[in-house]
Amino acid sequence: GVLGKMFALGDTKDVTLSGIGTMTLQIADFDHDYLSGATTANKAAVTFLCKNLLYQTYQMNSSDTNNGGFPSSPLRSTLDGSIYNALPSDLKAVIKTAYKWYGTGNNTTNGKWSGHKLWLPLTFEMFGESSYSPATERTTGNARQYPIFTDNASRIKKMNNGGDSARWYWLASPDASDSTNFCDVSSDGSSSYINASAGLGVCFGLCV
């Protein structure tokens, strides 16, 4: 509870990722994300999200499948691998593994708890509703909207850490009604979905 008195929602910090560039991180909430796979778990003190998007687009999967959801995707491996490794050592030393209930796709509402140091937000965390995502991310995993997102304008993010145009970007939620798509945020900040092999922007999150 101490950091919530020292800092405010929306406060930012610039972080240099080696070989990638500077990214502006923004406080999305305090005491929000779980530190183990249960809704009774302790919560991380602060959740950060990128204020804008990374410098290149990424596929969720190389083929059009959402089977296994975000935890099984190559994009998850990239976030927990090369992008995490590019962070400064002092930040890596304090990052906590955050656990979320991720839908596992394949035209079902099934899901599982999975923990990651870098991750993508869920649909409910962005929009306060399930939209196209599995409802279990909310009903089982207790996904809650980050309070910095209040309308479509607040969800618009631009490439190159804000230096380029607004772009569609990935969410971790699979589309619950098919086996090929993941949810995303459109360039106008609205909710949508797209095939898993599309090249979209990335707004990653982390907890300390």
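Colleague: Which helix does Met6 lie in?
Modeller: Met6 sits in helix H1, residues 3–6. Keep in mind that this is a predicted model.

Colleague: Why is Met6 called exposed?
Modeller: Its relative accessible area is 53%, and exposed means over 50%, so Met6 counts as exposed.

Colleague: What makes up the nonpolar patch on the surface?
Modeller: Val2, Leu3, Met6 and Phe7 form it, with about 380 Å² of accessible area together.

Colleague: And why is Gly162 called partly exposed?
Modeller: Gly162 has a relative accessible area of 31%. Buried needs under 20% and exposed needs over 50%, so Gly162 falls in between and is partly exposed. You'll find Gly162 in the loop between helix H6 (152–155) and strand S6 (169–174).

Colleague: How far apart are Gly162 and Asn52 in sequence and in space?
Modeller: They are 110 residues apart in sequence, yet 5.4 Å apart in space, C-alpha to C-alpha.

Colleague: How do you know that strands S7 and S8 pair?
Modeller: Pairing takes at least two bridges, and 5 bridges join S7 (residues 181–185) to S8 (residues 191–195), so the two strands pair; they run antiparallel. Val185 stands opposite Ser191 in S8. The two strands form a hairpin with 5 residues between them, and Gly189 in the turn has a positive phi of about 90°.

Colleague: Which residues have the most contacts inside the largest nonpolar core?
Modeller: Leu79, Leu120, Trp170, Val202, Phe204 and Leu206, in a core of 56 residues. Strand S2 (residues 21–30) gives the most to this core, with 5 residues.

Definitions and conventions:
Residues numbered from 1 in each chain as written. Predicted model: local features only at pLDDT ≥ 70, side-chain atom pairs only at ≥ 80, totals over all residues. Heavy atoms only, no water. Patch = residues over 30% accessible without salt bridge, like charges linked within 9 Å, V, L, I, M, F, W, Y side chains within 5 Å. Areas by Shrake-Rupley, 256 points an atom, 1.4 Å probe, with all protein chains shown as cover. Salt bridge = Lys/Arg side-chain N within 4 Å of Asp/Glu carboxyl O. Helix = DSSP H or I, 4+ residues; strand = E, 2+ residues; numbered from the N terminus. Buried < 20%, exposed > 50% of the residue type's maximum accessible area, 1.4 Å probe, protein only. Core = buried A, V, L, I, M, F, W, Y, C linked by side-chain atoms within 4.5 Å.
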